[in-house]
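Please open the model in a viewer and keep the selection panel at hand.

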Amino acid sequence: MKLAFFDTETTGLKPPDDRIIELCIITYYERHGNWFKEDESIQRFNPERSIAPAAQAVHKISYEMVANEPLFADKFP
């Protein structure tokens, strides 16, 4: 059996106006009752807007850290 966990970080805490700035996917597989990490993928995105201080306090991602990343729409049209 395999499991995939998804985690997103956003520019704020009030959807729908906020944008995704990070997407993380971690996959695990099970063998003989034990779970093993198979893969981890992290992609950051430029939100083209500021990040709310309350959100930044939670995920510790500043706009400067994502300013040169691709846009979400460029990766997921």
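Select I21, I51, A55, I61 and V66: these five residues make up the largest nonpolar core. Such a core is a set of buried Ala, Val, Leu, Ile, Met, Phe, Trp, Tyr and Cys residues joined through side-chain atoms within 4.5 Å. Buried denotes under 20% relative accessible area, exposed over 50%, and partly exposed the range in between, with a 1.4 Å probe and protein chains only. This is a predicted model, in which local features need pLDDT of at least 70 and side-chain atom pairs count only at pLDDT 80 or more, while totals for chains, interfaces and linings use all residues. Residues are numbered from 1 along each chain as its sequence is written, and side-chain values use heavy atoms, with hydrogens and water left out.

Remain with A55 and display its surroundings. Neighbours within four places in sequence set aside, A55 is in contact (heavy atoms within 4.5 Å) with T10, T11, G12 and K60.

Next, colour by secondary structure. The protein has three helices and three strands, arranged along the sequence as β-β-β-α-α-α. Helices (H or I, at least four residues) and strands (E, at least two) are DSSP runs, numbered from the N terminus.

Select β1 together with β2 (residues 20-31). This antiparallel pair is joined over nine bridges; two strands pair if DSSP finds at least two bridges between them. One place to look is L3, whose bridge partner in β2 is Y28.

Move on to H32, in the loop between β2 and β3. Is H32 buried or exposed? H32 counts as exposed, at 76% relative accessibility. A distance drawn between the C-alpha atoms of H32 and K2, which are 30 residues apart along the chain, reads 13 Å.

Finally, zoom out to the whole protein. Its C-alpha atoms fill a box of roughly 45 × 25 × 20 Å along the principal axes. Of the 77 residues, 23% count as buried.
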